[in-house]
Amino acid sequence: MLGILDFVHANQVIHRDIKPGNLIRRQRDGKIVLIDFGAVKEIHTQLITRMRGELGQTNFTVGIGTQGYSPSEQLAGQPRFCSDIYALGVTVIQALTRLHPTQLPIDHDTGELVWQNYASISVGLEAILERMVRYHFSQRFQSTRDVLDALEEASRVTTETTEISTSIWAATQFNDQTQPQGGIKKPPNWMKDETSLEAIAEKPAETPKPWWRRIKSGIRVVSIATLAITGVVLGARQLVWLQPLELAAYDQMVRLRPVIPPDPRLLIVEISEADLRALNRPTPSDRDLAEVIRILSQHQPSVIGLDLHRELPQEPGHTELLQQLQTSNVVAILELGAEEIEIPPPPGVPDDRVGFSDIAIDADNVVRRNLLFGSNASGDFFSFSTQLAFKYLEKQGITPQDSRSHPGNMQLGETSFLPLEKDAGGYQNLDAVGYQVLLDYRSASSPAPMVSFTQVLNGEIDPSLVQDKIVLIGTTAPSSKDLFYTPYSAALQTNHTMPGVVVHAQMVSQVLGTVLDGKPLFWFAPEWLEITWIGGWAVIGGCAAWRFRHPITLGFSVVILVIGLSGISLLLFLGHGWLPIATPAIALILTSIAIVSYRAYTIQ
């Protein structure tokens, strides 16, 4: 490049925009070519401008160049030949340090670039580059020939520091007509500071740190940052600040799972708005309910669940309904209160055929849990869905037992149902009263085939849909207000909520699928493993920040790591494992930021 600049300057032209982007390699001979002469400034133009200024005309010069590569006088609109030498020196320093000029620290007292600790080069080359990029133009090489002479002289001298000092100075001094013949001029005062050519030549070159020391330093910094950030993140997690993010990630993973076909062991008899209009009532009468239960019983269902409160008569036909509710395979509902039963079951229905209809709802009003058992001051109760599942499994010889592998917990068949703990998965300080498991939704719409109430009432139903099935009767009409938000709600354009009878069907299907199909329940890592999981991703983020210095490369690496974290978590979720996602992602990002901040501080 010095040869090219020598030719350009010999033609009285200043390029003014030397940078890596304007240097290309010619394919036919491999030589470097300088491009983009759109910003050149011819010397005679400057002279004409100055003359006009002396005549009282406007003297206006536009500063052209690229931030980081342009020296101060060029940015002020007064470029010189040594301005191109400065830009070339900065370009070489960028190649040696792999740092953009704007990333290099600056000595605030002198304005000089501080780059020497980032490059391992000879003392002679270091001295030449230092003079090429001096802050003030008067202290730089004034021509490319001076630089070429200095390089040539530096390549010939021995490695003794005294010879390097004298020889390089002899080649890099200013042209002085008063210099004695054959003598060597002593350096001016500006070369006497600690960053001068003579000072650099007289002190031994810094030996770069061995690789093992650099690794040791990196390990120390990454370890400290990881411990600090992990502690902060775990504290925020314990305070439940991160739980909304974890639950949002959970909902997204639920939506990404493949849809499972409707469960053929269930049938939902829905009471829709159309049915209520046909009946001309806000709720079916007891007589109509009794008739529907009678018709269904004729087709020999395994169990019928009535998800409607009937503690008060809905005449006509209350007596007829109570008679149908005496059938041994009909299950009714009640609603629990804090101290006592808030809404009792229909009169005359025994306790072993009654289940509570209460549903566990998270703080954001989304149903993610299946409450199997519950209690209040009045006693212990099974849920509506649990009673239906028990009745169905009982006919197949499967009854609840004490778990052989986890004593004190329930076992159905070969499956142990382990209750949720307060810190399971993304939960923190969960209200885990009763006996809860994470609800495994079958689909976003309905987990079972559906027929309308009026179809059954009119006898328009296929008996095969009912025989040996669990039949749930309940309302899906929005006017009933028996609607719940689910993990699917956020992605639905319409019908954001799921009717209560459908939610109960999801719960029944989960229990049957776990016991009869071998479908696993959700599993969770112990607390110590979750902490390790979070800390491990913080370490990965710290290592990436220590390894990659360029902002774009680091940003791209962090994005890839977060995507990798999400992908691994999704794969585990598809295998019914729930590990935190948002917390380790935050730890990864914050640790990266901490490492970058540390490096920036130490550089300055």
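The crossing of H1 and H6 is left-handed, meaning the near helix is turned anticlockwise from the far one by less than a right angle. This is a predicted model, where local features need pLDDT of at least 70, side-chain atom pairs count only at pLDDT 80 or more, and totals for chains, interfaces and linings use all residues. Residues are numbered from 1 along each chain as its sequence is written, and side-chain values use heavy atoms, without hydrogens and water.

Back to the helices. H1 covers residues 2-10 and H6 residues 144-156. They are DSSP runs (H or I, at least four residues; strands are E, at least two), numbered from the N terminus. They pack at about 155°, axes 9 Å apart. Axes are lines fitted to C-alpha atoms over the stretch in contact, and angles run from 0 to 180 degrees between N-to-C directions. The pair is therefore roughly antiparallel, a label for angles over 145 degrees.

Who touches whom? From H1: Leu2, Leu5, Asp6 and His9. From H6: Thr144, Arg145, Val147, Leu148 and Leu151. Contact means heavy atoms within 4.5 Å. By class: five nonpolar, two polar, two charged.

Next, the second largest pocket. Its volume is about 510 Å³, the space filled by probe spheres set on the grid points, joined across faces, edges and corners. A pocket is an open set on a 1 Å grid, 1.4 Å probe, with protein on both sides within 12 Å along at least five of seven lines; lining residues have an atom within 4 Å of a point. Of the 25 lining residues, His309, Ile333, Glu335, Ser357 and Asp482 are closest to the centre. Strand E7 (330-336) gives the most, three residues.

Note on methods
Parallel < 35°, antiparallel > 145°, perpendicular 65-115°, else oblique. Nonpolar A, V, L, I, M, F, W, Y, C, P; charged D, E, K, R; others polar.
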